[in-house]
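Trainee: I have the model open and would like to go through it with you. Could we start with a pocket and then move on to the aromatic side chains?

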Amino acid sequence: MRAAVLHEIGQDKLEVLDDVEAVGFGPGKVKLRVRATGLCHSDVSAMSGVLPQPAPFIPGHEGAGEVVDIGDGVTGFSQGDRVLVCWLPACGSCPSCKRGQTHLCLAGLMNAGTPNFKRPGGDVFGFAGTGTFTEEVVVDAGCAVPIPDDLPYEIAALIGCGVTTGLGAAINTARVEAGSSVAVIGCGGVGISAVQGARVQGAAQIIAVDPVASRREAALRFGATEAVSPDELADAKQRVTAGEGFDYVFEVVGKSATARTAYETTRRGGTLCVVGAGAMDDFFQLNMFELFFDEKRILPSMYGGGDVLRSYERAIALWRAGRIDLEGLITHRVRLDGINDALDQMRTGEALRTCIEI
């Protein structure tokens, strides 16, 4: 079958090959035919080495498709069922799951160290234990989440990661209050979803911050009340909050420099929500006095900070009701052969989300 493979960490291009085989099928597993997958910035971060991932590997974790085979012991599925891929499934029995923090379960991520593909030259890993830039993938049954018939594959794929992460940061983690002021730093697909989440929560002012003009324009379409470049953020803080700072600031870039800017843009007693996934050697620094004196809440948000199955259902309900726009997030569409064009579109900021049709 065909798949897009990164041979070595640090390479910036994927090679589309036709000699890849999905392996690992057996008890507790399902095999999926991927129909659509989104390109998430985490895929690019894994390719560059910012996020840890063994190579060679097949990127992609934001996918949707249909069940083609069901392993022993798996119930609740039939061949042909439409599903989205959950890259962080809950095991239900670890301490995090028992505490109700299912989004912190590590059982699914442990699969990232087990190859689920192979080529004539050897094993190939799937990113985050999945790997959706391929025609077929074998995953744990918990990674396959049934979706309703009226939900297109490309929309379901986005709900599998970016939409859930951004919406959840605003709704689950930060719990944005109605009438509040919000700034979102970084307006790709996840940042735009955070903008939509803040709007759903009733924020009065939502300032979108991004260096790319087309993304600023898009943020206004999705509910931002104002969109500014990073150089204009200090002026917006002064105008909108009289210099006090915003009630909620979302950092959706994953760099210590933007996290520091976000901290300084948050009012005393306000909330800084860190959504971007950064590198292990990039350190965010605060002095002990400001940490104590400012009493700002610093809240990381992993995968939307809540039960992902409930978050999926909420996103679908909001989409059906017309409260959020998910179709508009897809600015580009390519076939698998065009994956490197999609990577270039993401790196330049041209695309919010690119749908790869498999």
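**Pocket, rings and positions**

Mentor: The residues that line the second largest pocket divide into 13 nonpolar, three polar and two charged, where Ala, Val, Leu, Ile, Met, Phe, Trp, Tyr, Cys and Pro count as nonpolar, Asp, Glu, Lys and Arg as charged, and the others, Gly among them, as polar. Bear in mind that this is a predicted model, in which local features need pLDDT of at least 70 and side-chain atom pairs count only at pLDDT 80 or more, while totals for chains, interfaces and linings use all residues. Residues are numbered from 1 along each chain as its sequence is written, and side-chain values use heavy atoms, with hydrogens and water left out.

Trainee: Which residues lie nearest the centre of that second largest pocket?

Mentor: Of its 18 lining residues, Gly 142, Val 145, Val 308, Leu 309 and Tyr 312 lie nearest the centre. A pocket here is an open set of points on a 1 Å grid over the protein atoms alone, where a 1.4 Å probe fits, with protein on both sides within 12 Å along at least five of seven lines, and lining residues have an atom within 4 Å of a point.

Trainee: And what gives the most to the lining?

Mentor: Helix α10 does, with five residues; β11 (144-146) and α10 (308-320) each supply at least two. Helices (H or I, at least four residues) and strands (E, at least two) are DSSP runs, numbered from the N terminus.

Trainee: What volume does the second largest pocket have?

Mentor: About 250 Å³, the volume being the space filled by probe spheres set on the points, with grid points joined across faces, edges and corners.

Trainee: Changing topic, how many aromatic pairs does a search of the whole structure find?

Mentor: It finds three, counting rings of Phe, Tyr and Trp (its six-membered ring) whose centres lie within 6.5 Å, with planes under 30 degrees apart called stacked, over 60 edge-to-face and the rest tilted. One of them joins Phe 57 and Phe 127, which is tilted because the planes stand at 50 degrees, with the centres 6.1 Å apart. Phe 57 belongs to strand β5 (residues 57-58) and Phe 127 to the loop between β9 (122-126) and β10 (136-140), so this pair ties together parts that are 70 residues apart in sequence.

Trainee: Are those two buried or exposed?

Mentor: Phe 57 counts as buried, at 0% relative accessibility, and so does Phe 127, at 7%; buried means under 20% relative accessible area, exposed over 50%, and partly exposed in between (1.4 Å probe, protein chains only).

Trainee: What about Phe 289 and Phe 293?

Mentor: They form a stacked pair, 5.1 Å centre to centre with 15 degrees between the planes. Phe 289 and Phe 293 are four residues apart in helix α9 (residues 288-294), so about one helical turn separates them. Phe 289 counts as exposed at 55% relative accessibility, whereas Phe 293 is partly exposed at 41%.

Trainee: Which charged end sits over the ring of Tyr 153?

Mentor: That of Arg 82, 4.5 Å from the ring centre; the criterion is NZ of Lys or CZ of Arg within 6 Å of the ring centre and within 35 degrees of the ring normal. The charged end of Lys 296 likewise sits over the ring of Tyr 263, 4.2 Å from its centre.

Trainee: Last one, where is Ile 207 found?

Mentor: Ile 207 is in strand β13 (residues 205-209) and counts as buried at 1% relative accessibility. From Ile 207 to Ala 22 the C-alpha atoms are 44 Å apart in space, and the two residues are 185 apart in sequence.
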